[in-house]
Amino acid sequence: MKISNTKIYEQIADILLESIKSGEYQVGDKLPSIQKLGQQYGVSVASVREALNALRTIGIIEMKQGYGTFIKQIEPTFFELGDKFTSLDQITELLELREIVESATVEKAAIHRNEADLVSLKKALDEMGEAVTDGTSGEKADLQFHLSIAKAAKNSLLVELLNNISELMQDSMEETRKIFIYSKQKTMNKLHEEHVIIYNAIVEQNATNAVKAMESHLLEVKETILANFKEQ
């Protein structure tokens, strides 16, 4: 099957997912090499690599150095209890804390940010943008963006507070991004755009818009997370 058009890596990932679900590939099977997949689909090696990165991120495949790429599972599993998170209550409390703290933090950041803060925010935003195009999740850049907002608020205790929960934040961001990569209804572009809106409000020093953008973003995250917990 030859494919073309934009977002080629997403199309390749979708085709491979359908092949796995249809039984063409079984758990434990080794995928053809990146070069062979590229020839099969008529696309570049880079596009295939990005597609495999996306599938690895959501846990469908695993790459074994020197051996190749293997099917790990048919369906991704999001927010597994007992691994990164101990309970649904823990996640709910984390989301509530973020809603309370980050709405106030972004308001102060919009007022007090300086040029150095904008550089840090833009760097994290650009790294998130790269994740959209290369099939990776970008949760580290996502976390850095939110920590940079706290620093821009010019309150050391806010920075310390978010640093104290940064590991849980990054874990939840990683799982959320897996859902966005996998879901047809939600896209990584939309997630990135939400951060762009927050950034622009901070640049413009519009505290009201910054708060609205942050609240909208965190609501989207909350609904995504809780919906996928319920599906377990």
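Biologist: How many residues does helix α1 have, and what span does α1 reach from its first C-alpha to its last?

Modeller: Helix α1 covers residues 8-21, which is 14 residues, and reaches 20 Å. The expected span is 1.5 Å times one less than the number of residues. For α1 that gives 20 Å, and the reach is close to it. A word on the source: this is a predicted model, where local features need pLDDT of at least 70, side-chain atom pairs count only at pLDDT 80 or more, and totals for chains, interfaces and linings use all residues. Residues are numbered from 1 along each chain as its sequence is written, and side-chain values use heavy atoms, with hydrogens and water left out.

Biologist: What makes a run a helix or a strand?

Modeller: Both are DSSP runs, numbered from the N terminus: a helix is H or I with at least four residues, a strand is E with at least two. By that rule the protein has ten helices and two strands. Their order from the N terminus is α-α-α-β-β-α-α-α-α-α-α-α.

Biologist: Which residues of α1 are called buried?

Modeller: They are Y9, I12, A13, I15, L16, L17, S19 and I20. Buried means under 20% relative accessible area, exposed means over 50%, and partly exposed lies in between (1.4 Å probe, protein chains only). In the protein, 47% of the 232 residues are buried. Just after α1 comes G23, with a positive phi of about 95 degrees.

Biologist: Why is K154 called partly exposed?

Modeller: K154 has 44% relative accessibility. K154 sits in the loop between α6 (139-152) and α7 (156-164). Its phi is near 60 degrees, positive in a residue other than glycine.

Biologist: And what makes Q205 partly exposed?

Modeller: Its relative accessible area is 42%, so it falls in the in-between class too. Q205 lies in the loop between α9 (188-203) and α10 (207-230). Q205 is not a glycine, yet its phi is positive, about 55 degrees.

Biologist: How do you know that the charged end of K64 sits over the ring of F70?

Modeller: A charge sits over a ring if NZ of Lys or CZ of Arg is within 6 Å of the ring centre and within 35 degrees of the ring normal. The charged end of K64 is 4.9 Å from the centre of the F70 ring. That distance is within the 6 Å limit, and the pair counts as a charge over a ring.

Biologist: What share of contacts between residues at least 6 apart in sequence joins residues at least 24 apart?

Modeller: The share is 72%. Contact means heavy atoms within 4.5 Å.
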